[in-house]
Amino acid sequence: MKKLINHPENFVRESLEGMAKAHPDLLKVQFEPTFVYRAVAPVPGKVAIVSGGGSGHEPMHAGFVGLGMLDAACPGEVFTSPTPDQMLAAAKQVDGGGGILYIVKNYSGDVMNFEMATELARAEDLRVLSILIDDDVAVKDSLYTQGRRGVGTTVLAEKICGAAAEQGYDLQQIADLCRRVNLNGRSMGVALTSCTVPAKGTPTFDLGANEIEMGIGIHGEPGCERMLVKSADEITEILAMSIFQDVAYSRTVQEWDENKRGFVDVQLTDPEWEKGDRLLAFVNGMGGTPLAELYIVYRKLAELCAQQGYQIVRNLVGSYITSLDMQGCSITLLKLDDEMIRLWDAPVKTASWRWGI
Amino acid sequence: MKKLINHPENFVRESLEGMAKAHPDLLKVQFEPTFVYRAVAPVPGKVAIVSGGGSGHEPMHAGFVGLGMLDAACPGEVFTSPTPDQMLAAAKQVDGGGGILYIVKNYSGDVMNFEMATELARAEDLRVLSILIDDDVAVKDSLYTQGRRGVGTTVLAEKICGAAAEQGYDLQQIADLCRRVNLNGRSMGVALTSCTVPAKGTPTFDLGANEIEMGIGIHGEPGCERMLVKSADEITEILAMSIFQDVAYSRTVQEWDENKRGFVDVQLTDPEWEKGDRLLAFVNGMGGTPLAELYIVYRKLAELCAQQGYQIVRNLVGSYITSLDMQGCSITLLKLDDEMIRLWDAPVKTASWRWGI
Amino acid sequence: MVTKEHIIHWLQQFASAIAQNKEYLTQLDAAIGDADHGINMDRGFQKVSNQLPNFAAQDISNILKSVSMTLISSVGGASGPLYGSFFLRASTAVAGKQELSNEDMVSLLQAGLDGVLQRGKAQLGDKTMIDALSPAVTTFTQVISEGKSTPEAIQQATVAAEQGMKATIPIVAKKGRASYLGDRSINHQDPGATSVYLMLQSLSEVLAICS
Amino acid sequence: MVTKEHIIHWLQQFASAIAQNKEYLTQLDAAIGDADHGINMDRGFQKVSNQLPNFAAQDISNILKSVSMTLISSVGGASGPLYGSFFLRASTAVAGKQELSNEDMVSLLQAGLDGVLQRGKAQLGDKTMIDALSPAVTTFTQVISEGKSTPEAIQQATVAAEQGMKATIPIVAKKGRASYLGDRSINHQDPGATSVYLMLQSLSEVLAICS
Ligand SMILES: Nc1ncnc2c1ncn2[C@@H]1O[C@H](COP(=O)(O)OP(=O)(O)O)[C@@H](O)[C@H]1O
Ligand SMILES: Nc1ncnc2c1ncn2[C@@H]1O[C@H](COP(=O)(O)OP(=O)(O)O)[C@@H](O)[C@H]1O
Ligand SMILES: [Mg+2]
Ligand SMILES: [Mg+2]
Ligand SMILES: [Mg+2]
Ligand SMILES: [Mg+2]
């Protein structure tokens, strides 16, 4: 393993220390419990958006802390969910009186830790809601699995909900918006190489020189199918078609019920897309793939969307939700409405994403 | 070789086609001769900034075409200088009457092709000046080599000169500014792995599982010393110290003389830095290195700069000038003055760099 | 009677079992998860281990609660909240006790299991730690109801946990990360079920020696 | 007399020599440069080759100028402007000619060399194409001045180019990418000097056959 690190155990901490030194105008970093929060927080009256998850997906989430996006991010160890005390401490730090939305990726660890954090926060009379992101169409059913993983749509939801919070939406409105973004966002990814977790020091999975792993998540977990290496156009077609052909996905998730003061089961189904729908097309690099290759994927994706009768009206091309040094990419398509477009276009000022300000 | 490409020969073209589809609001792409230019060009009266070089360094340069930065970029084949006809056509396309500055990295191919382009442009009565970037302290002398390579400072010069052009500086002023940025910028890089050029299909150099290559350029060319793998802190120290300890570098370069209507020799020497100097610290990823690792390098770099008595007043952390999928990083330190800081902070709106707008 | 000293000794024993099996648990997780179960558990139980000296003055319930809090705030991942819930509920079940009767032990284990079930929503056969924990608790309760002693009941519960752990090998995972693998999860032993087995084995060893 | 047909034939021959040696030239460049000299040259000379049919109606000077323009606009890198300058200056030296005398050939080669020198500013011994081109031109001029024919002079010039090419092996590069390697450039043959040798060899072959 060759990496720009010192000791594997200090990987997350030292990286966050570097961020704190590089961006004192944007963010502050707190350790034990660890969280990253806006330099100017709380913002009085504003709903605070807090996310978090295992580290190794940079710039997500800490790189998205700042105006127009997150109020705080809770980084766990590499690929390991953060703990409830981190989430609780972050919520307390950034609560400006408008309540807190936790945006949570659907992994058993993340879900359980954020659930505990919500319970702890509620016990301390913090008004916390949480929304699950579960957009990975590579996971087919929700009955016999943990349900779909949360991947690329997370990034889009953080941007859109962050803008809504800035514009004065209340907590319930933002939770509803976040749920809507999730239901309309679909993703799938491919790995050309495995990643190497610093603490382990060797690649998580072995992939032959001519093999790729289709349908991977973002933790170096194996995907749904191993196949021979293909051209960028063929890979893009597999990913995009899996998204286009996805049928209305249904699942039961837990959401906090403010009246019942506890979690309740909520039944959710993805709406169908129709010809003429406006999409946001997001081509994401997994960390080790050069930008030039992502544009080759985008080129084909744009062609395929047009063929299917969809209009791409917004796009994002770059490495935003990564798996350490993995080579590969993911595609996320989000069906947009006017409100989402307006929020997407709103200003954002974070370490890794900035426009309009 | 596993890459998200179709045919290696189409790598540059298809990537640019993807860019054109992704960013029609920002840029247009022209083929044969190939160049990328602002969607709205020329800007009447403004000096046009044109750069270019081999492809494989994305987002540089095409990702920097837009308001506040470049007017046009000329991408060559992978790691191969573009040709004079590309540069000439780009200059004609974006000339708004204020003249054109070519920002050229010091490689024999780039220098000669841009020289020819300048001669051709002058023959057609276009007012073109060109400034060489030669900031790589890994190359020690200029007498027995091609002189220092142009690396990280190129990115900074494009940002600063782009802002100056936007603010109405005239051609000579921008050329002088660009020269000043170059003389005050110093870089050095390290490779943890080789890159793989699509047309070749195998790594450019072989590096053992425990070896790193210190002092590399950005073309997968071997560096100045091969050593055993080291910690991020040690690597950062070697890179930073090589920059701190660099003595006033002198060289003769060719610049166009508007009176003599031809190239003349110009003798240039880097000014010394002093304690208390204000620096811009740029930690750049080589393409395959995750952002989290760059922050670990930044952490140490900030510490070393403070120890040396320098103040970091601006910084940039990310993959801006890359070598395809190479893992590794480079450090660039630029001594700033008030004017450069003001221009650095000015708005920029390109595919890969945006703030203030 | 299970004393406070037994409980402290058990936690110590479990912490060292985790330390010794850190690589093994991580390797099991590499096959069907993300290669961190041993690392996660060890991070948490090293902290628990460091805190044991402070526990002498506390009652059993408070000790278990401290363990729970430490695990919850240091393990992360799926196992953090699950083991955290186990110890939290166990703690509540024995509130105020300085030593535990057979019935108290039944309540403790049953409450712990309920905590894990409620937090993780897995069912028996989903290839999770439940597959080891649930049969262990059932067996313990059964053996106690037959009038046997706690050490004996725990010994039999440990055997049941081991069988449950092994029973995870041939089945498909339906919860946790391994569930994404579908059929590819077959023929691998679940890491969480394995650490649960170690937990019961540690208790069994401590009670066998101490009583 | 060197005719227009000789020139066209030469260009054709050189283009196929480059195509045949594409990998070889690229490998030489991989060792001390960036592994593209063969790819670059072949990209350019394939274009030249495609244009040859259009050249029949033009005079020699215009043919050479077209070749120059094609190379300049398609080769890129260092060799594009260098070969481009060679053919551009060569073209100027024989303006208006339909066939070339011995003296015209001297002017052509000398002008081409001057073009490369002026563009690249390399000196003999810098381990560049100059190390093959310069001795070749000197030899050609010398042999012609001794009253020998162009085919004979070119043959000897080719031998000089080959020697010059081989002489690049033991020396340190001082220009071009290879110069960054310092002493590590020793023991490698310069790719540009090698392609120059192929250029002269092609001319030599054509004149030997055709005259
Ligand atoms: N929903 C669940 N219910 C019960 N146990 C679970 C559940 N999800 C995961 N587990 C257990 O957790 C173990 C994995 O723990 P660990 O590797 O520490 O966490 P993570 O999966 O987040 O990396 C699995 O082997 C399984 O026994
Ligand atoms: N300044 C120079 N003068 C003469 N020849 C040069 C000079 N710089 C480079 N060369 C020649 O160019 C060759 C490399 O050409 P090529 O690989 O096509 O371009 P690049 O170096 O830009 O990749 C070298 O082998 C050398 O012979
Ligand atoms: Mg994990
Ligand atoms: Mg080249
Ligand atoms: Mg795990
Ligand atoms: Mg080359």
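Select chains B and D first: in this predicted model, 33 residues of chain B are in contact with 30 residues of chain D. The area buried between chain B and chain D is about 2500 Å², and carbon and sulfur atoms account for 56% of that area.

Next, display B:Met112, B:Met116 and B:Gln146. These residues supply 22% of the area that chain B buries against chain D, more than any other three residues.

**Polar and charged pairs between chains B and D**

Now show the side chains on both sides of this interface. Between chain B and chain D the count of residue pairs in polar contact is 12, with both residues at pLDDT 80 or more. The count of salt bridges between chain B and chain D is four. To view a salt bridge in detail, select B:Glu115 and D:Lys121, whose closest N and O atoms are 4.0 Å apart.

Colour chain B by secondary structure at this point. The helices α2 (84–94) and α3 (108–123) of chain B each supply at least two residues of the side that touches chain D. Which helix gives the largest share of that side of chain B? The answer is α3(B), with seven residues. A colouring by residue class divides the residues of the side of chain B that touches chain D into 11 nonpolar, 13 polar and nine charged.

**The magnesium site in chain D**

Move to the magnesium ion (ligand 6) and show the side chains around it. Which residues coordinate the magnesium ion (ligand 6)? They are D:Asp29, D:Asp34 and D:Asp36, each through OD, at 2.1 Å. Along the chain, the donors of this ion follow the spacing D-x4-D-x1-D.

D:Asp34 bridges the magnesium ion (ligand 6) and the magnesium ion (ligand 4), and the two ions lie 3.5 Å apart.

Are D:Asp29 and D:Asp36 buried or exposed? D:Asp29 has a relative accessible area of 9%, so it is buried. D:Asp36 is likewise buried, with a relative accessible area of 9%.

**The remaining chains**

Finally, zoom out to show every chain. There are three pairs of chains in contact, and chains A and B share the most contacts among them. Chain A and chain D do not touch, their nearest C-alpha atoms being 19 Å apart. Chain C and chain D do not touch either, and their nearest C-alpha atoms are 39 Å apart.

Methods: Residues numbered from 1 in each chain as written. Chains lettered and ligands numbered in written order. Predicted model: local features only at pLDDT ≥ 70, side-chain atom pairs only at ≥ 80, totals over all residues. Heavy atoms only, no water. Donors = N, O, S within 2.8 Å, 3.2 Å for Na, K, Ca; no water. Buried < 20%, exposed > 50% of the residue type's maximum accessible area, 1.4 Å probe, protein only. Contact = heavy atoms within 4.5 Å. Buried area = accessible area lost by both parts, 1.4 Å probe. Salt bridge = Lys/Arg side-chain N within 4 Å of Asp/Glu carboxyl O. Polar contact = N/O pair within 3.5 Å; in protein donor to acceptor, adjacent residues only side chain to side chain. Helix = DSSP H or I, 4+ residues; strand = E, 2+ residues; numbered from the N terminus. Nonpolar A, V, L, I, M, F, W, Y, C, P; charged D, E, K, R; others polar.
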